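Q: Please take a close look at a single part of this model. What surrounds it, and how is it set within the rest of the chain?

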Amino acid sequence: MTTRGVLFVHSAPRALCPHIEWAVAGVLGGRVSLDWIAQPAAPGTLRAEFSWQGEPDTASQLASALRGWHLLRFEVTADPYATAEGERYSSTPDLGIFHAVTGVHGDILIPEDRLRAALTRAQRGETQLEAEIARLLGKPWDDELEPFRYAGEGAPVRWLHQVV
C-alpha cells in the first residue's frame, strides 16, 4: 500500500538546503533535488515544494528527519488512502512540530480524548476552551506559517479548476 503527499519547505537558510535534500533522500530511498527559490517573507532564505509517493508512514518519517533544525519552517502532508486518514505535520522554529489527522477533504479530525482533555483543562480554569481548540486545530502554526505559504515571485503555481 502506498500514499502520496507534499513536502513544503517554507523557509530554510541556503546552507541548510543540501542537508534537507539528503534527509529527504534518506527517507525516500533515492536521489532528491528540490527546486529552491527565494522566500520573500524571510529575505536570505529559500523555499521549495516536493511531491512524494511512498509507504503510509513516509510523512511522519519526513517530519522526523527535518524536525528540530534551527530556522527551518516546513509542512508535510499525506493524502488519505483506502485504509487510513491523511496527515499534516507543521513545524516552526518557535513552536516546534504539530501533527493532525486529516479527512478526505483536508479537514482536521480531532480525537475524542484530546477534546475531552481540552474541555477538562478549561473547566479547571487552566486555560480557555477557545485557546485549547485553536491549538488542537494548529492555529498557532497556521498563523506563523501563513506569510510563508504564499508563493514568491517565480514560484511554480498549480491552479486547480473545478467544472460545475
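A: Ala-78 counts as buried, with a relative accessibility of 5%; buried means under 20% relative accessible area, exposed over 50%, and partly exposed in between, with a 1.4 Å probe and protein chains only. The model is predicted, so local features need pLDDT of at least 70 and side-chain atom pairs count only at pLDDT 80 or more, whereas totals for chains, interfaces and linings use all residues. Residues are numbered from 1 along each chain as its sequence is written, and side-chain values use heavy atoms, with hydrogens and water left out.

Ala-78 belongs to strand E4, which covers residues 73-78. Here helices (H or I, at least four residues) and strands (E, at least two) are DSSP runs numbered from the N terminus. Leaving aside residues up to four places away in sequence, Ala-78 touches Arg-4, Gly-5, Trp-52, Ala-59, Gly-86, Glu-87 and Thr-102; a contact means heavy atoms within 4.5 Å. Asp-142 lies 64 residues from Ala-78 in sequence, and 17 Å separate the two in space, C-alpha to C-alpha.

In general, strands of a sheet pair through backbone hydrogen bonds, either parallel or antiparallel. Two strands are taken as paired if DSSP finds at least two bridges between them.

On one side, E4 runs antiparallel to E1, and 6 bridges join the two strands. Ser-11 has Arg-73 as its bridge partner in E4. Strand E1 (residues 3-13) is itself mostly covered, with 8 of its 11 residues buried. E1 also pairs with strand E3 (residues 45-54), in the antiparallel sense and over 9 bridges. Arg-4, one of the residues touched by Ala-78, has Gln-53 as its bridge partner in E3. Beyond that pair, E3 is joined to E2 by 2 bridges, again antiparallel, and Ile-37 stands opposite Arg-47 in E3.

Glu-75 faces Ser-90 in E5. Strand E5 spans 86-92, and 7 of its 7 residues are buried, so it is largely enclosed by the rest of the structure. Gly-86, Arg-88, Ser-90 and Thr-92 point one way from E5, while Glu-87, Tyr-89 and Ser-91 point the other way; all are buried. Gly-86 and Glu-87 are among the residues that Ala-78 touches. E5 in turn runs antiparallel to strand E6 (residues 96-102), over 7 bridges. A hairpin of 3 residues links E5 to E6, and Ser-91 stands opposite Ile-97 in E6.

The loops at either end of E4 complete the local picture. Leu-71 sits in the loop between helix H2 (58-66) and E4. At 43% relative accessibility, Leu-71 counts as partly exposed. Leu-71 has a positive phi of about 70 degrees although it is not a glycine. In general, most residues other than glycine have a negative phi. Ala-82 lies in the loop between E4 and E5 and counts as exposed, at 76% relative accessibility. Although Ala-82 and Thr-2 are 80 residues apart in sequence, their C-alpha atoms are 9.7 Å apart in space.

Along its principal axes, the C-alpha trace spans about 50 × 40 × 40 Å. Of the 164 residues, 35% count as buried. Of the contacts with a separation of 6 or more, 59% are between residues 24 or more positions apart.
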